[in-house]
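Please look at the sequence and the structure below, and follow how two parts of one chain meet.

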Amino acid sequence: MTSLRSKIIPVLTLLAGLVVLWYAFAVYMNAPFQRDLDRRAGEAPGIVEFIGKTLSQPKPTVPAPHQVATNFFENTFLRNVTSNRSLVYHAWVTLSSTLLGFAFGTVLGIVIAVGIVHVTTLDRSLMPWIITSQTIPILAVAPMIIVVLAAVGITGIVPKALISTYLSFFPVAVGMVKGLRSPEKMHLDLMRTYNSSKTQTFWKLRVPASVPYLFTSMQVAVAASLVGAIVGELPTGATAGIGAKLLLGSYYSQTIDMWSALVAGSVVAALLVTIVGLVGQAVQRSMGGRPA
Amino acid sequence: MIGNTQTVVQANGLGLTFRTNDGPVVALTDVDLTIKKGEFVSFIGPSGCGKTTFLRVIADLEQPTSGTISINGMTPEQARHARAYGYVFQAAALYPWRTIDRNIALPLEIIGLSKAEQQERIKRTMDLVELSGFEHKYPWQLSGGMQQRASIARALAFDADLLLMDEPFGALDEIVRDHLNQQLLKLWARTQKTICFVTHSIPEAVYLSTRIVVMSPRPGRVTDVIESTLPHERPLDIRETPEFLEIAARVRDGLRAGHSYDD
């Protein structure tokens with residue numbers, strides 16, 4: 001009950017406020033076109049009728065919330081999931097490459113972090129390059145990756161996944177470097193008094209100590225992976241996926257479709273971040289974490 | 001301790017100077033000390049007197065810059081490789097993701113003992129520190145005193161003959177500290193270990209030790225070594241006897257002398 005009061009009600013209140021603003025904005029943005037239409041048709045509708053019309057255009061500048069909601073509902077729940085009109089289908093296409101890229105990125109990030117923590121040369125040389133890699137705009141890199149890989153015969157899910165990897169390894173690497181270095185001096189001294197080997201210290205101290213850092217950075221990484229997968233769909237002329245849906249929508253000015261694809265993307269992102277968070281909580285509870 | 005003359009720790013002209021950005025800091029200078037098997041030696045002095053540093057030198061956690069030190073006839077590094085000592089830190093330093101029994105098992109896993117041997121030692125040491133029944137609790141579920149007892153059990157499970165304790169009860173309240181002091185003496189009598197104990201409490205040092213090493217800061221050095229005349233059997237109220245108070249007064253004098261030197 002307290003969580004209802006303290007969390008759900010404030011969130012819903014804010015949401016309601018946003019929906020009201022959205023409606024106002026939709027009326028304001030769609031009004032010029034509607035006025036144009038009415039003038040050509042020689043109509044002079046009343047204010048209520050006029051507002052109603054601005055909120056039910058087939059290709060509005062800004063779709064009204066209920067238009068997006070209807071479109072989203074129809075394309076999510078009323079379509080066969082194998083049909084290319086189904087948002088579930090498109091979300092799955094994007095999700096599969098997101099997950100593959102996220103898995104690659106997490107592994108790569110951990111490997112890099114272990115290298116940085118254990119090899120002095122890597123510690124000095126690698127970090128600047130890793131940071132530089134993230135300053136290059138992904139929109140510029142994505143087409144190159146896809147074209148180059150296609151030239152060597154790699155197509156399909158892997159090139160898209162690699163763009164996700166490119167975005168997701170970074171938070172994991174940075175988080176894990178911090179996590180693997182998080183043990184206090186006293187805990188390290190303790191291992192030293194046991195004459196423990198580097199490998200033992202790694203598995204028995206550094207790895208368990210880094211777990212909270214791993215899950216926090218994985219939450220960031222999974223969201224970045226999704227962005228990577230969507231961006232990866234844009235230059236490929238992909239016919240499926242949330243990115244493809246966004247691109248097609250913009251070609252044909254199907255703004256409602258675009259917005260509902262956007263909503264689908266947000267829902268997937270929220271689900272992914274939540275799932276990683278829940279797995280993290282479960283793992284930490286099994287490691288004796290004090291319940292919050 | 002009749003006939004027990006085996007030397008455990010032997011320091012000659014030991015010195016340690018830390019290089020810092022503000023120039024060298026002399027942590028220890030010219031320390032000569034011999035600790036025999038079965039002794040309970042306390043190191044007492046104000047902060048910065050090098051008592052913890054000396055313990056860390058024995059444990060090969062710091063490297064001396066002059067003089068020599070040997071542990072059981074070996075260098076500190078050899079002694080560490082031979083796992084010659086158990087170390088108890090100021091804080092319990094338990095791993096929060098391990099239950100108490102798994103924490104005690106940690107050094108045993110590292111040595112590579114069999115599961116059965118681990119179980120046997122966990123049970124024995126948890127009984128020794130009176131923590132039986134708390135095997136499957138996580139550290140945060142225990143009080144500070146119990147956590148520190150668990151960390152002593154962990155050091156005991158290691159089963160080295162030398163126990164190095166760095167202000168193990170410093171963060172605990174007086175009632176808990178009294179209780180743990182009593183337990184520690186019993187434990188020492190039962191296990192016949194050699195104990196080096198760092199403290200800044202005069203009553204604690206006098207109550208526990210067979211010998212008290214008084215140290216003073218800037219530069220860290222030994223100013224007095226006091227042999228205790230107290231009997232081995234020490235109930236808590238021994239602290240009100242004239243004998244006890246006399247030793248305590250001598251320790252206090254030693255500490256004051258060290259300070260006036262500085263001002």
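Domain bounds come from an automatic or database domain assignment, and by that assignment chain B is divided into domain 1 (7–84 + 162–262) and domain 2 (92–159). The model is predicted, with local features needing pLDDT of at least 70 and side-chain atom pairs counting only at pLDDT 80 or more, while totals for chains, interfaces and linings use all residues. Residues are numbered from 1 along each chain as its sequence is written, chains are lettered from A and ligands numbered from 1 in the order in which they are written, and side-chain values use heavy atoms, leaving out hydrogens and water.

The centres of the two domains, taken over C-alpha atoms, are 25 Å apart, and their contact (heavy atoms within 4.5 Å) takes 14 residues from domain 1 and 14 residues from domain 2. Together the domains bury about 1,200 Å², 69% of it on carbon and sulfur atoms; buried area is the accessible area (1.4 Å probe) that two parts lose on being put together, summed over both. Within domain 1, Arg83(B), Gln183(B) and Leu187(B) lose the most area to domain 2, together 41% of what that side buries.

Between the domains the count is one salt bridge, that is, a side-chain nitrogen of Lys or Arg within 4 Å of a carboxyl oxygen of Asp or Glu. The side chains of Lys193(B) and Asp159(B) meet in a salt bridge, at 3.6 Å from N to O.
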